[in-house]
Amino acid sequence: MTQSMTRSDLTATTRRARRMVRPTLRGAVFLGVGAVLFVLAWTYDERDLLFMAGLLLLVPLAALGYVLVHPLRMAVSRSFRPGTVSAGLSATVTIQIQNLAPAPLLGLRWRDTAGRGVDVPPSQPLRGLAPARVRRPGAADTARVSYQLRPPRRGVYPVGPIMVGRTDPFGLACSEWPVGSQHDLTVTPTVTPLPGNGVSITRGEGSRHERLSHLNNDSDELIAREYRPGDPMRRVNWPATARHGEIMVRQEEQRSHPEARIILDTTRGGRGTGLAHDAEFELAIELAASIAVHLLDGGFRVDVVELGPCQLLPARTRAGDTRALHDPDDGRRGGLRGDDPVSFTGPEGALALIDALASVVQRDRVEHGTHDQPGSRHTVALGRQIPAFAVLVDIGAADTNDLVTLRGLCQPAVAFVFDTVDSSAVERLSDAGWQCVPLTARTPVDAAWAQAGQDRAEAR
């Protein structure tokens, strides 16, 4: 099960937070004794006993009516500190409750509600609130409560509304009202500090690079896009133009930052097994986040490619102004032949990427044809060798073919491969020149990165 809340989960959470009116234990005893006395009085025709039974029954029913027809009038505000928290760390939830009624509120209790995966404290007493001061709100009519949350897994969790309860003066009935609205708490993946200062880029490999380029004759398929008004004609990619029947140009490069690419496998059951591989996928997200932050701290521009349908929005600026989650139902396509990769730079880009990864889930693969349809984009635009890091959970044959084709444009080309990936895919990637680092769901992130560096040093 995914840790992020779906629309149905949100609806179910909202439905659970409805007004509730019920007798207390004392009220239930009154009703029970009254019912027994009523049966006895009716059986033996005892009028005095019937009077007592009616009294025991009517008093708690009147108490239920009291708490039902006197709803609470309150204003609630909520804040999280920090506003975004990493998985496994604590966040402080602060709730301010203000009485809006002209009468005081006494004997109240409160409890918070939250989506599945977040534990909130049980019901607690709330101090009495003075009558509302319309013109001059004061501390007497406002209470502030707080508690700690420690979400164990990343995701976006709905918290709220708060449930405020009250009892009648005799303690025979109680009621709860949802007050306020839901707020989302974003829990980001854990980011592990990695050793080193970025990645050393090898700009040429002589005959080995030439050999890889010849082995991957379809690389133009991955670096061309359709012509747009204003593109210089010197960028026309004639082989791709001939294949597609329309003018295709080479993707333009941004030279202001050294570049790196992270390829994240977000498909569910890439080999057609339909398995989600939750533990492996969670570690894959943590590994991708750690590598991305490591590269961004080193001054790189990081492009992120999802092999599943795109869930990250394109960055508005190169500074990383990116919203967290893209609507999965709008037809966006992932994969090496799908939509444009999402680019991040600088500290703002690191924050935006980590925030966005909180909402990424595994989705079914979107199948692409051998060649994209006219007007679509071939957007893995490397053009020259740049570092590429693939985090693979369970890739299928199509993605394996694309990664093999892409190898000639990546240096270094490192694939972190979980043990859920088919061995034949790993063999093909290794034969193509990818440095495959084996992982399991229990491999520490820093250990995987260190192993990649060790293998690379031994290969030189």
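**Fold, sheet and charged pairs in a predicted model**

Of the protein's 460 residues, 48% count as buried; buried means under 20% relative accessible area, exposed over 50%, and partly exposed in between, with a 1.4 Å probe and protein chains only. The model is predicted: local features need pLDDT of at least 70, side-chain atom pairs count only at pLDDT 80 or more, and totals for chains, interfaces and linings use all residues. Residues are numbered from 1 along each chain as its sequence is written, and side-chain values use heavy atoms, with hydrogens and water left out.

The protein has ten helices and 19 strands. Helices (H or I, at least four residues) and strands (E, at least two) are DSSP runs, numbered from the N terminus. Among contacts with a separation of 6 or more, 75% are between residues 24 or more positions apart. Contact here means heavy atoms within 4.5 Å.

Two strands pair if DSSP finds at least two bridges between them. Strand β11 (residues 183–188) pairs with β3 in the parallel sense, over three bridges. In β11, Thr 188 is the bridge partner of Ser 86.

Charged pairs come next. A salt bridge is a side-chain nitrogen of Lys or Arg within 4 Å of a carboxyl oxygen of Asp or Glu. By this rule the count is seven. One of them joins Glu 176 and Arg 111, whose closest N and O atoms are 2.9 Å apart. Glu 176 lies in strand β10 (residues 173–179) and Arg 111 in strand β5 (residues 108–111), so the pair ties together parts that are 65 residues apart in sequence. Glu 176 is buried, at 11% relative accessible area. Arg 111 is partly exposed, at 26%.

Another salt bridge links Glu 282 to Arg 153, with the closest N and O atoms 3.6 Å apart. Glu 282 sits in helix α6, while Arg 153 is in the loop between β7 (142–149) and β8, so this pair ties together parts 129 residues apart in sequence. Glu 282 is buried, with 13% relative accessibility. Arg 153 has a relative accessible area of 32% and is partly exposed.

Asp 303 and Arg 261 also form a salt bridge, with 2.6 Å between the closest N and O atoms. The pair links distant parts of the chain: Asp 303 is in strand β15 (residues 301–306) and Arg 261 in strand β14 (residues 259–264), 42 residues apart. Asp 303 is buried, at 2% relative accessibility. Arg 261 is buried too, at 3%. Both residues belong to a network of salt bridges that links Glu 259, Arg 261, Arg 301 and Asp 303.

Glu 280 has no such partner. This residue lies in helix α6 (residues 278–297). Glu 280 is buried yet has no salt bridge; Arg 442, the nearest side chain of opposite charge, is 6.9 Å away. Lys and Arg count as positive, Asp and Glu as negative, and His and the chain ends are not counted. Leaving aside neighbours within four places in sequence, Glu 280 is in contact with Val 393, Phe 418, Asp 419, Thr 420 and Ala 441.

A cis peptide bond joins Arg 81 and Pro 82, with omega about -5 degrees. Pro 82 is in the loop between β2 (74–81) and β3. The peptide bond from Gln 411 to Pro 412 is cis, with omega near -5 degrees. Pro 412 lies in strand β18 (residues 410–418). Asp 45 is not a glycine, although its phi is positive, at about 55 degrees. Asp 45 is in the loop between α2 (25–44) and α3 (47–69). This residue is exposed, with a relative accessible area of 64%.
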